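Student: I have a new model open on my screen and would like to learn to read it. Could you take me through it, one question at a time?

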Amino acid sequence: MFYKDERLALFIDGSNLYAAAKALGFDIDYKLLRQEFMRRGKMLRAFYYTALLENDEYSPIRPLVDWLHYNGFTMVTKPAKEYTDSMGRRKVKGNMDIELAVDAMELAPRVDHIVLFSGDGDFRPLVASLQRQGVRVSVVSTIRSQPPMISDELRRQADNFIELEELKDVIGRPPREVPAEDRNVAFAGK
């Protein structure tokens, strides 16, 4: 469902894509991801959205954010809010849905096809609006995890659903071992 001459933009919901890939047992190689979609069309932009802990001396996501920024991705970040849940676990809250939706709406007149890397059903109205503007929308997520990482409404709304597991051989790499101190931080998408 890709055409070589179409103008393409990628919108990556960082925490959602990370969770989907983790549920499938692999990490995303973002260099390969960018190359794959540059091959599929004329890629204008690749946006990556994530919330960051600003007060930590070391954030496990900071090296990825810096690498993406220096390697052709447009980074959209904001400070995350930190809290402790009822079980005493440290959680991070940082929803980037509004930023992603505004950027997609602004770019819509300049692209033919948007690829949304998220399974969040909150994006269904955005996809419908983009389609009314003549933009084709592909959604990348997974139905093969338990539970599925994509909402049924979003999958039905999209022009094309791309199963993340089917991209594993193209954009995946084995998961890296996460240091013990980083395992204690759980990232909540909302």
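Student: Leaving aside its neighbours within four places in sequence, which residues is Gly-119 in contact with?

Tutor: Happy to start there. This is a predicted model, in which local features need pLDDT of at least 70 and side-chain atom pairs count only at pLDDT 80 or more, while totals for chains, interfaces and linings use all residues. Residues are numbered from 1 along each chain as its sequence is written, and side-chain values use heavy atoms, with hydrogens and water left out. Contact means heavy atoms within 4.5 Å, and with neighbours within four places set aside, Gly-119 is in contact with Asn-16, Ser-141, Met-149, Ile-150, Ser-151 and Leu-154.

Student: Where does Gly-119 lie, and is Gly-119 buried or exposed?

Tutor: Gly-119 lies in the loop between S7 and H5; helices (H or I, at least four residues) and strands (E, at least two) are DSSP runs, numbered from the N terminus. Buried means under 20% relative accessible area, exposed over 50%, and partly exposed in between, with a 1.4 Å probe and protein chains only. The relative accessibility of Gly-119 is 4%, so Gly-119 counts as buried.

Student: How far apart in space are Gly-119 and Thr-142, C-alpha to C-alpha?

Tutor: Along the sequence, these two are 23 residues apart. In space, the C-alpha separation of Gly-119 and Thr-142 is 7.5 Å.

Student: Which elements do the buried residues of H5 pack against?

Tutor: Helix H5 covers residues 124-132, and its buried residues are Leu-126, Val-127, Ala-128, Ser-129, Leu-130 and Gln-131. After H5 comes Gly-134, with a positive phi near 90°. The buried residues of H5 pack against helix H4 (97-107), S7, strand S8 (136-141) and helix H6 (152-157).

Student: Which residues have the most contacts inside the largest nonpolar core?

Tutor: A nonpolar core is a set of buried Ala, Val, Leu, Ile, Met, Phe, Trp, Tyr and Cys residues joined through side-chain atoms within 4.5 Å. The largest one has 29 residues. Elements giving two or more residues to this core are strand S1 (7-13), helix H1 (14-24), helix H2 (30-40), strand S3 (42-52), helix H3 (62-70) and strand S7 (113-117). Those with the most contacts inside it are Ile-28, Phe-37, Phe-117 and Leu-164.

Student: How many residues does the second, separate core have?

Tutor: Look for Phe-11, Leu-126, Val-135 and Ile-150, which are included in this second core. Its size is 23 residues.

Student: Which residues does Ala-21 touch, not counting residues up to four places away in sequence?

Tutor: Ala-21 lies in helix H1. Its relative accessible area is 2%, so Ala-21 is buried. For Ile-28, contacts beyond four places in sequence are Leu-17, Ala-21, Leu-33, Leu-164, Ile-171 and Arg-173. Seen from Ala-21, with the same exclusion of close sequence neighbours, the residues touched are Phe-26, Ile-28 and Leu-164.

Student: Is Lys-4 buried or exposed?

Tutor: Lys-4 sits in the segment before S1. Not counting residues up to four places away, Lys-4 touches Arg-39, Arg-40, Gly-41 and Lys-42. With 56% relative accessibility, Lys-4 counts as exposed.

Student: Which residues is Pro-79 in contact with, leaving aside its neighbours within four places in sequence?

Tutor: Pro-79 belongs to strand S4, residues 74-79. Beyond four places in sequence, its contacts are Leu-52 and Glu-54.

Student: Stepping back, what radius of gyration does the protein have?

Tutor: The C-alpha trace spans about 50 × 30 × 30 Å along its principal axes. The radius of gyration is taken over C-alpha atoms, and the globule rule is 2.2 Å times the number of residues to the power 0.38. For 190 residues a compact globule would have a value near 16 Å, and the protein agrees with that, at 16 Å.

Student: How many helices and strands does the protein have, and what percentage of its residues count as buried?

Tutor: The protein has eight helices and eleven strands. Of its 190 residues, the buried share is 47%.
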